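This report covers a two-chain complex, taking each chain in turn and then the contact between them. The sequence and the structure come first.

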Amino acid sequence: MKSAVIVFPGSNCDRDMAVALREVTGQEPLMVWHRESRVPDVDLIAVPGGFSYGDYLRSGAMAARSPVMQDVVRRANAGTPVLGVCNGFQILTEAGLLPGALMRNANLSFVCRDVDLRVENSQTAFSSRYDAGETIRIPVAHHDGNYFADDETLDRLEGEGRVVFRYACAVNGSRRDIAGIVNDAGNVLGMMPHPERLVQPEQGGTDGRRLFEGLVAAIG
Amino acid sequence: MKARVYVTLKNGVLDPQGKAIHHALEALGFAGVEDVRQGKLIELDLADGTPPAAIEDMCRKLLANTVIENFRVETV
């Protein structure tokens, strides 16, 4: 499985993502700078966490309009799997690939700790190595993780099984405790928690590893 | 010409920062503050004759996230 990690000025989880992808896929991912107008031909595009463009205007707003994202949007719409973690999730919503928006945490505090997540849908390419209803533990580290969408959108997401991960307890004020969602076609996942930080036992656990293993199984 | 773009949160979207400001005002002893909503003011220096439709396009494409925000343009 060939993968690419998009790198913006202010990305800070790009190398963690690269290590996780290398570790699980056995292939070195390509690092693609935000000024590129084309993403190389890969099987998976990862949009990593961080504070792209210093979170100016809104988290993810500037990155979503960067040259490389125009191609990421095109590729996502053509079916290439895209994984957005943390700032990557914010960027994917700002780019219109995922519905809703991520706002300042309800209690205004930066939250940085391990949280319990419930796997709501294990039928996606990203979650097939988890069991539906299983609780996993993944770290979060964000200031703007408070997921917002209107009731109609939330009902649709839930009705279509597009809520993939939900916080077991309230973490940041997200509506309906949503932690991760997929797009309509199921090839774009955005999530605030960081699975790339838990792929080796030395990191304190491997609950994140199975997300990448699922992708390898789905993509080959 | 100049344009001022006011970006505000839509009704029904919780505004934790506005709420914190509200509490701080109360803590300072200001009575009668019923609600606080925080927004943004963006000032644009534009070529004379920039059409309103172009400014609105800027708002929709970048300055506001219309999932959660409204915008209002004032040209000066």
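## Chain A: burial and overall form

Of the 220 residues of chain A, 53% count as buried. A residue is buried if 20 or more other C-beta atoms lie within 10 Å of its own, exposed if 12 or fewer, and partly exposed in between, with C-beta atoms placed from the backbone. The model is predicted, so local features need pLDDT of at least 70 and side-chain atom pairs count only at pLDDT 80 or more, while totals for chains, interfaces and linings use all residues. Residues are numbered from 1 along each chain as its sequence is written, and chains are lettered from A and ligands numbered from 1 in the order in which they are written.

The secondary structure of chain A comes to six helices and eleven strands. Helices (H or I, at least four residues) and strands (E, at least two) are DSSP runs, numbered from the N terminus. The C-alpha trace of chain A spans about 40 × 35 × 30 Å along its principal axes. Among contacts in chain A with a separation of 6 or more, 74% are between residues 24 or more positions apart. Two residues are in contact if their C-beta atoms, placed from the backbone, lie within 7 Å.

Not counting residues up to four places away in sequence, Leu92(A) touches Val47(A), Val82(A), Gly84(A), Leu97(A), Leu98(A), Val188(A) and Gly190(A).

Helix H6 (residues 209-219) of chain A has Arg209(A), Arg210(A), Leu211(A), Phe212(A) and Leu215(A) buried. The buried residues of H6(A) pack against H1 and strand E3 (44-47) of chain A. Gly220(A) follows H6(A) and has a positive phi, near 100°.

## Two positions in chain A

Met31(A) lies in strand E2 (residues 30-33) of chain A. Because 15 other C-beta atoms lie within 10 Å, Met31(A) is partly exposed. Leaving out residues up to four places away in sequence, Met31(A) touches Val5(A), Val7(A), Asp14(A) and Ala18(A).

Arg58(A) is placed in the loop between E3 and helix H2 (61-64) of chain A. Arg58(A) counts as buried because it has 24 C-beta neighbours inside 10 Å. Not counting residues up to four places away in sequence, Arg58(A) touches Glu94(A) and Asn65(B). Arg58(A) and Glu94(A) are 36 residues apart in sequence, with their C-alpha atoms 8.9 Å apart.

## Chain B

Chain B has two helices and three strands, and from the N terminus on its elements run β-α-β-α-β. Of its 76 residues, 11% count as buried. A compact globule of 76 residues would have a radius of gyration near 11 Å, but chain B has 15 Å. The C-alpha trace of chain B spans about 45 × 25 × 15 Å along its principal axes. Residues 24 or more positions apart account for 68% of the contacts in chain B with a separation of 6 or more.

The twelve residues of H1(B) should span 16 Å at 1.5 Å a residue, and the end C-alpha atoms are 16 Å apart, which agrees. The expected span is 1.5 Å times one less than the number of residues in the helix. H1(B) is followed by Gly29(B), whose phi is positive, near 95°.

## Contact between the chains

Nine residues of chain B are in contact with eleven residues of chain A. Helix H1 (residues 16-27) of chain B supplies the largest share of the side of chain B that touches chain A, three residues. That side divides into seven nonpolar, two polar and no charged residues. Here Ala, Val, Leu, Ile, Met, Phe, Trp, Tyr, Cys and Pro count as nonpolar, Asp, Glu, Lys and Arg as charged, and the others, Gly among them, as polar.

## Confidence

The predictor gives the complex an ipTM of 0.87 and a pTM of 0.95. Chain B averages a pLDDT of 96, and 100% of the residues score at least 70. pLDDT is the predictor's confidence in each residue, from 0 to 100. Among the elements of chain B, H1(B) has the lowest mean pLDDT (94), and strand E2 (residues 40-45) of chain B has the highest (98).

Notes: Rg over C-alpha atoms; globule rule 2.2 N^0.38 Å.
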